[in-house]
Amino acid sequence: RYEVNFDGTRELAVEASFSATAAVEFSADDAAAPFFSAVQTEHGGAWVAAAQRGSVWLVPCTSGCRVRYHFALAEAAQALNDIDTAIASGQVFIAPPSTWLLHPPAQAERAPFEFHVDPGPNGHFVTAFQPVRGRPDTYRASPQILDDSGFSAFGALQVAELPAGDSTLLLGIAPERLGLTEAQARDWIATSAGAVASYYRGHLPAHRTLVLLMQGAGNDTRGETLGGGGPAVLVRASDRVNARTTHDDWVVTHELFHANFPDLGREHAWLSEGLATYLEPVARARVGIVSKEKFWRDLIDGLPQGLPQAGDQGLEHTRTWGRTYWGGALFCLMADVTLREKTGNRRSLDDVLLAIGKTGAADDVSWDIQQVLDAGDRATGTTVVHQLYEQLAENPGNVDLPSLFARLGVRAQGNSVVFDDAASLANIRASITAPSSG
């Protein structure tokens, strides 16, 4: 158990108790180790310095032990400036618990751990970790999470809870330099979450998701999702963000699809990124944020970047940017169209996502690729997902995009498209962007 106190401006003071019964090595992330100081262990009623070797501290724990230390949070955020370890936005500091909690060895601590946070006067603390019911500001997780945990934030945050179907988004806003009022920021995140909730018929797999919003730099809004301990999304708004530009933003919806889908690991990033790339505009088109003309025009422009090039070895083995994002999106479009075609438009990629979603698996749960394929075929009563995996993921495969778009009745015209309602798959084209029922 960890007791964490933030002084409100720069530093964390942490005291922890462990039930281990041997001399153990407590460690920190290599990048974060220089910002730990005064690491001490209780011995005979007194506090004595723990021996240090690099990013490891040796602590005698023959009958359990207590450890205390300081962590220079502000200094770490300014020096590292890295979203995976620590980053600052004014007086808000974003860092996962794996950055500022000493890690006991796995063999020493097998039970879940808890940490309680006092954010200091007028401060706030938000985290993706599961809160302990009836114990304010206390959170619980398995010790393995300390090696790779989701985002948390301390400081002068604006905090709100937003409903998304039957789920909740915990929103933490770092207001410094952000070109939005708190109400505008909330509307942005709520609108994006609403599109994802609508896609899932109001039953999001992730019952609680943390979304952190801060001002970034440059012309593009950027997002990242981490799942350790609970789904958490960090959004860094572009320099051009305002109430108008947030209406056209796709990043938050994209990241929330990641947050609500199992973690497949980096080796299968083509599927997780492909799903988010394809489903983001589907969901926004269904609730009227994106026109169906823009949806199809963007696919006409983007999908050719996902086609295999010379030397390609299939989506599973070719990890270029185009194949990961647009190649994955092409796989998803083919799955959607093929399922609809083979089942008379009664089954689709929606059924695959809804079936996986009903298991409650979100980004804090790891799945094997085979689980996804099996779930897809069970949900649709077909073998389409497995067959496409063999054709397009295990092998280079190819898709005749001009022929596919002609069958769907979509043709580019200027900066938009024209639809042919006499095309053989025109009804499928219309169904993909039609508002969700239920």
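## Exercises on a predicted model

Ala38 belongs to strand β4, which spans residues 36-43. Helices (H or I, at least four residues) and strands (E, at least two) are DSSP runs numbered from the N terminus.

Residue numbers start from 1 along each chain as its sequence is written, and this is a predicted model in which local features need pLDDT of at least 70, side-chain atom pairs count only at pLDDT 80 or more, and totals for chains, interfaces and linings use all residues. Side-chain values use heavy atoms, with hydrogens and water left out.

**Exercise 1. Work out whether Ala38 is buried, partly exposed or exposed.**

Step 1: recall the scale. Buried means under 20% relative accessible area, exposed means over 50%, and partly exposed lies in between (1.4 Å probe, protein chains only).
Step 2: apply it. Ala38 has 43% relative accessibility, so it is partly exposed.
Step 3: look at the backbone. Ala38 has a positive phi of about 50 degrees although it is not a glycine.

**Exercise 2. Find which residues touch the most other members of the largest nonpolar core.**

Step 1: a nonpolar core is a set of buried Ala, Val, Leu, Ile, Met, Phe, Trp, Tyr and Cys residues joined through side-chain atoms within 4.5 Å.
Step 2: the largest one has 84 residues, and Tyr278 and Trp296 touch the most other members. Helix α7 gives the largest share of this core, 10 residues.
Step 3: follow Tyr278. Leaving aside neighbours within four places in sequence, its contacts include Phe295, Leu299, Ala329 and Ile432.
Step 4: look elsewhere. There is a second, separate core of 44 residues, with Phe18, Ala72, Ala86 and Ala95 among them.

**Exercise 3. Trace the strand order of the open sheet of five strands.**

Step 1: two strands pair if DSSP finds at least two bridges between them.
Step 2: the order is β16-β17-β18-β20-β19, with mixed pairing. The edges are β16 (158-164) and β19 (222-226), each pairing on one side only.
Step 3: zoom in on one pair. Strands β17 (residues 167-173) and β18 (residues 208-215) run parallel and are joined by six bridges; Thr168 has Arg208 in β18 as its bridge partner.
Step 4: Angles run from 0 to 180 degrees between N-to-C directions, using axes fitted to C-alpha atoms (for helices, over the stretch in contact). Helix α4 (residues 251-259) lies across β17, β18, β19 and β20 (232-237), at about 10 degrees to β19.

**Exercise 4. Describe the pairing of the open sheet of three strands.**

Step 1: the order is β3-β7-β6, and the pairing is antiparallel.
Step 2: β3 pairs with β7 (residues 56-59) over four bridges, and the bridge partner of Glu25 is Leu58 in β7.

Key: Contact means heavy atoms within 4.5 Å.
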